[in-house]
Amino acid sequence: MLSEVVVATSSNDAYIYIWDIRSGTLLTTFKGNKTDTHAISLLSPLYQPARKAYIFSAQNDRPQINVWSFRKDQLLYKFTVPEKLSSTVITNNNNYFIGGSENGRIFVWEVTTGKLIKIIDAHYKAINVMKVTSDDNALITGSEDSIVKVWLLNDLIDNQPIRNGISPYFTWTEHTLPITDLICGIGLMNYTRVVTVSLDRSCKIWDLSDGKCLATIVVPTNIRAVAMNPTETSIYVGGGDGLIYSIDLYSKSKNSQYGSKVDLNIYPEGIIDFSTNNKDAKVFKGHNQAINSLSCSFDGSLLVSASDDEKVIIWDAESQQQLKSFAHCKGKITNVQVILRPIDLLDNQSKYPLPIIKPLKRYVEGEMEGMNQEIETQYIGYSNVSYIDIIK
Amino acid sequence: MPKTSQRKKKLKNQDFQKQKLKVGKKKLAPSTQTDISFKTKAIYVPDQGIVEEKKEITSSRNLTLKELLGQAKHYSSITRKDALNGIKEIYTNYPDEIFLNLGTVFEKTIPIFIDKEPDVRLALLQFYKILIPDLKIDQIKPFMSVFMAYLCSAMTHILEDIRLDSLKFLKLFIDNFPTLTIYYSDKLIPNFLNHLTGDMKMNSKSNSSSLSNSLLVNPKSKLGSTKSRAAILTSFYDFLSIIINDNQNLSNNNKNEDIKENININWTKQSSIQIYSNTEHVYNKNNDNSVVLDIFNAEQKSNNSTDRIDKDSLGISETNTFLKTQNIKNSYNLNNKSQLKDFMDILLPVLFNCWIETSSDAFIGNVNFSPTLVIIKTIIQIQNLVWKKYSESEKESNEWVESYLKLIINHMMIYFPFGNEKCSIKDQKTEDYVKEINIIFCELLSTFLSLNWNDNSKLITICLNNLMKYFNIFFGKRKNEKFVMINDIKAEHLNTLFPAILKLINSLPQNDSLKIVDIISEYFMKVHSQSGAKRSLIKFINQLLNENNLFYQNPVFFEHIKKVFSSLPRLMWELKTVYLNTTETIFDILLKLFKFGINFQERIQFLENLQMTMIPYFYVEIPNKGSIFGPFIQLPCELQKKLINIIYYFPTINEKLFKAILTCCKNKFLSSETIDKILEVFELRQNLLFTTKIQPQQYLSFILTILMGYNSNELETLNKRYLDKQVIPALKVQEVLSNSKKRKIDDDEINAKNEQIANIWKRQNEINNSVVKRLKSLNGIPQNKILNLLEPFTVKVFNNSLPDHSLYGLVFIIMNFIKYKDTCSKSYVNILCQNITRLLESIWSKDNYMTTPEYKYIFNLTKYIFNNLYLEMINYLSKDIIDINKAKMAYRLLNDIILKLEPNLIRKIQSLKVMIHELKKVLTNQQEIDNLQKILRFLDY
């Protein structure tokens with residue numbers, strides 16, 4: 001039976017916790033991990049995007065990536081990488097592992113060979129968050145220097161010399177303080193909306209087809225995390241004050257004659273009244289320190305939040321009520337991610353194949369000799385999207 | 001006896017003959033009878049009286065609209081004119097009458113476009129000038145085709161003054177209904193060119209270096225005069241700019257597909273017969289869907305090229321009649337590159353001809369403001385327009401462009417900069433005009449420069465040299481290495497030039513762009529800070545930083561513009577709060593500098609200096625003059641927040657700046673929202689890994705000072721004035737600190753004071769919340785340790801006489817952490833109770849304390865206190881209850897608050913009962929004692 005689990009990591013408690021979000025039972029823990037927000041990514045086997053097999057977690061105290069398989073609760077690999085990574089992401093086709101360093105560099109590895117394909121100087125400061133559009137067309141990076149950049153993934157993995165200057169497809173400089181989180185919607189790149197949040201209290205929605213800002217929403221505190229429900233109708237932003245604010249992008253208005261009608265909500269000057277006087281404001285109250293990470297369940301009914309106050313809370317997204325709260329953790333919780341329960345969880349004899357991974361290389365091949373060799377990379381199309389197309 | 005004639009006899013007899021009556025015949029009428037029957041016929045004498053009242057609306061000459069319209073076709077020109085004036089009059093008085101009969105009015109008046117009498121046309125123009133701007137677009141739409149038909153007829157009329165007047169009518173439509181007018185561009189544009197060339201002999205060779213077109217050169221002709229040519233060109237420019245700009249608007253906004261179809265200028269060049277191609281519209285609809293478009297365009301391109309060959313071959317045998325029969329399809333879609341090119345091939349030679357004709361005498365000798373200048377300006381403007389459009393679609397240069405650039409250099413550039421030393425300009429107006437021409441020409445050149453050229457193209461070097469030369473003159477003259485300012489540069493001049501400069505800087509090699517940067521920064525330093533030029537320069541610099549990140553990455557570039565940056569803090573101080581937009585732009589620039597500069601080691605010193613210069617913007621203390629708050633306090637909240645963001649990026653925080661900000665925060669005019677933001681940014685900074693932080697001790701005292709709103713010196717002053725730990729009302733504190741004298745207070749002032757007090761408390765409450773948030777997330781300190789942390793500080797502060805709202809603030813934050821009271825010492829809890837009592841006493845001691853503004857805050861607080869601290873409070877109060885004041889206090893507490901707690905909870909408290917017994921002994925008022933008795937009974941229940 002399918003069930004959903006949450007993977008939670010901490011920055012100073014050395015465990016990765018895996019809970020079932022409906023029943024609340026602690027399924028297992030993986031030991032030996034200290035990771036910051038957005039520095040954990042999960043790898044799936046090829047063409048099985050929903051089934052997660054490996055955890056790649058960048059350590060916050062050393063330039064190292066720890067890898068676990070869901071089959072065994074022991075550390076599988078330790079890869080040493082050139083720089084301490086502050087954020088990581090794996091493309092949806094599970095071919096590339098991309099890391100953003102604390103010096104603003106992007107590293108691209110090929111997962112199956114471990115080759116380091118590309119290094120780019122992308123930002124002035126640490127890259128806080130990276131996301132890939134669901135068609136693997138673009139990589140979006142948000143940085144401590146308050147800039148969001150959109151890169152075409154094709155540019156990052158082409159056969160050009162390794163240190164060739166690549167210019168971003170879009171550069172968004174409207175935020176004034178560091179970007180803390182971003183999410184991108186579902187769909188092909190040109191139909192995707194991106195939500196970025198920043199410490200400057202604003203949350204901006206962007207259109208990836210023309211790179212324009214569609215809306216700016218201001219909340220009363222600095223924002224640390226953001227999540228969007230699967231239908232892309234509501235945005236949840238987690239604040240530095242421990243509150244989670246829910247922003248409805250659409251509203252349903254009843255019209256007696258023609259049934260109900262859905263309108264795009266337009267907030268005057270992007271400011272929503274979240275003050276205590278406003279009874280309609282949707283605020284999740286329960287944490288008392290900064291929210292670090294938010295995640296929605298697959299059907300959008302549950303919201304999972306992680307906070308500095310060492311708690312993970314599962315909320316009913318519609319009513320803002322706490323359903324469960326996990327307080328096993330002894331440190332700031334930095335990441336929560338809701339995934340389908342891996343089919344081979346703690347099953348060492350599982351018959352399901354695992355993806356091939358090789359140790360990530362520290363150096364670019366051939367660069368040691370001072371040569372810019374062409375690196376052959378195979379780009380295996382758009383993972384989920386094209387696969388569905390093929391079936392059709 | 002004379003013989004009587006036969007006839008006479010007969011006559012005689014006749015008289016006496018008796019008429020016989022016959023049966024069946026009427027009786028004859030007697031001869032004496034007079035015929036009384038008669039007939040009438042009416043004659044019409046037109047009524048000339050102006051006094052007669054007509055039922056319909058009439059003009060002042062008592063003519064109805066119907067009559068007037070009839071007269072519009074009168075054979076006498078004077079009557080026609082009067083009729084039009086009459087209609088105008090009716091319109092001014094009774095607009096509805098015209099609106100109701102709009103169709104007939106237009107039907108009758110439009111033909112007057114081609115009236116032979118100038119006065120009549122003038123009258124019509126005057127009428128239309130007031131009528132047309134009032135019409136809605138829907139009202140005029142049905143008549144537009146008629147308008148345009150007559151307008152075209154007028155434009156091609158054999159009488160030249162009719163042609164000239166037609167432009168005035170056209171202008172009216174262009175001004176009021178641009179979107180409607182461009183529907184008819186296919187008909188109008190050929191007419192324009194006819195105006196210029198005078199005949200149909202337009203031989204548009206694709207290679208236009210041979211200027212074979214003949215201009216209309218008829219010395220007697222009015223059309224050839226410079227004045228009318230200027231009019232034609234300006235009108236043409238207006239028209240063209242609408243079409244092209246409209247295209248741009250539409251391409252940005254692809255919703256209005258209906259209007260989009262009109263992007264085409266469909267017109268046949270030689271004949272006025274034109275053919276619409278329906279396919280064209282279909283292509284246009286797909287114009288934005290990139291892939292499909294390319295295919296279609298490719299097709300069109302091939303079509304067009306064959307078309308062009310036709311033209312050329314036909315052009316050789318210049319027989320108009322033959323051409324007319326051919327009906328060449330010739331539609332120009334200006335969004336299509338090749339079609340635009342064709343269009344330009346036709347247009348540009350004509351323009352060059354005009355230029356050559358007029359320019360020769362324009363800039364020699366005395367230059368006065370004359371139509372010649374207008375022509376020159378308009379020609380450049382039109383060129384500018386089409387080339388800009390061209391450069392949007394095509395980035396590469398080619399021979400075709402080069403050939404035109406060559407023409408520009410040969411014919412136009414030789415005069416550039418226009419109005420230079422060779423000629424003299426007398427009056428200011430002309431000089432301004434010439435300057436404008438120069439600026440537009442620069443824009444034109446920069447459009448060319450923005451295309452990709454071979455590096456060593458001669459043409460380009462010529463252009464660059466000329467531009468540089470002009471910029472040197474424009475921004476100021478250099479004499480003996482000294483920079484002499486030109487003061488009269490207007491902001492709008494700069495605004496038109498900036499795109500040109502921006503393009504130059506972006507496209508030139510580094511050395512050349514550095515030169516320009518130098519010129520600009522030199523100019524920037526000289527120009528007065530309050531001037532519009534400075535403001536637009538600031539905007540420009542911001543744009544420069546946005547588009548070109550060389551300026552913070554490349555150290556060389558940075559060096560060159562550094563001076564400008566370092567002058568910014570001073571500038572924003574000088575601007576005060578007058579130009580908020582500019583101030584905001586400066587904030588943006590500073591933010592960028594700090595955000596991106598921090599990685600460069602060599603720049604740290606510069607940033608520190610910049611930070612130092614920013615201090616006066618907040619607050620500064622000058623030995624002689626005392627303390628001065630900078631403009632920061634008066635800024636709107638949004639801007640304050642924006643500036644505060646910069647603090648996040650400071651490499652280190654300067655001691656002085658820190659104090660200046662603190663002083664600002666203590667100022668009660670600074671909104672609590674901004675204070676919240678300041679605290680937040682400082683907190684975020686403290687949590688950062690790599691920056692130099694403020695010492696934790698200092699940071700804590702920063703927070704607490706903001707909470708208190710007074711620093712230790714001020715508290716000292718209060719102590720001197722009020723001995724023994726009094727609690728002082730907020731307003732009195734301000735009086736004491738500002739040393740103002742006491743006056744008598746009347747009712748109005750009391751009301752005002754109530755408001756003031758309410759504001760102070762509200763602000764304090766918001767600050768409290770914000771401070772609590774900050775304390776909860778103090779880096780590395782768990783929440784249960786916070787009380788311990790606060791203990792030494794609070795004990796010290798509690799020993800002073802305190803303003804009431806500060807005391808409230810302190811108690812408030814302690815109450816937020818009172819859950820952890822077990823961690824602190826007994827004596828501290830005691831001190832706490834003592835101070836809570838102090839606070840409550842001071843509030844409750846006022847008359848009608850329930851109505852004071854601070855009551856609701858205190859009331860909320862007391863509930864909180866007694867939920868967490870009731871035992872301690874009761875213990876403290878019952879300790880020396882003998883004191884009558886204290887007893888009263890205890891009674892009040894008991895009555896107001898303790899009894900509102902959970903009854904089961906209070907019943908368990910033994911010490912409470914003991915206290916009540918004690919109270920009974922002390923209190924004297926019988927009612928109070930009875931009340932206590934009741935309470936006791938209730939407790940024992």
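1. Let's start with one residue pair. Leu294(A) sits opposite Ser305(A), a residue of strand 27 of chain A. Keep in mind that this is a predicted model.

2. Now check the next neighbour. Strand 27 of chain A also runs antiparallel to strand 28 of chain A (residues 312–316), and five bridges join them. One pair to find on your screen is Leu303(A) with its bridge partner Trp315(A) in strand 28 of chain A. This is a hairpin too, with four residues between the strands; in its turn, Glu310(A) shows a positive phi of about 70°.

3. Is strand 27 of chain A buried or exposed? Six of its six residues (302–307) are buried, so the rest of the structure largely encloses this strand. In a regular strand, side chains alternate between the two faces of the sheet. Here Leu302(A), Val304(A) and Ala306(A) point one way, while Leu303(A), Ser305(A) and Ser307(A) point the other way. Residues on both sides are buried.

4. A word on confidence before you zoom in elsewhere. Chain A has a mean pLDDT of 84, and 84% of its residues reach 70 or more. Over residues 368–392 of chain A, though, pLDDT stays under 50. The model does have 42 contacts beyond four places in sequence for that stretch.

Notes: Residues numbered from 1 in each chain as written. Chains lettered and ligands numbered in written order. Predicted model: local features only at pLDDT ≥ 70, side-chain atom pairs only at ≥ 80, totals over all residues. Heavy atoms only, no water. pLDDT = per-residue confidence, 0-100. Contact = heavy atoms within 4.5 Å. Buried < 20%, exposed > 50% of the residue type's maximum accessible area, 1.4 Å probe, protein only. Helix = DSSP H or I, 4+ residues; strand = E, 2+ residues; numbered from the N terminus. Pairing = 2+ DSSP bridges.
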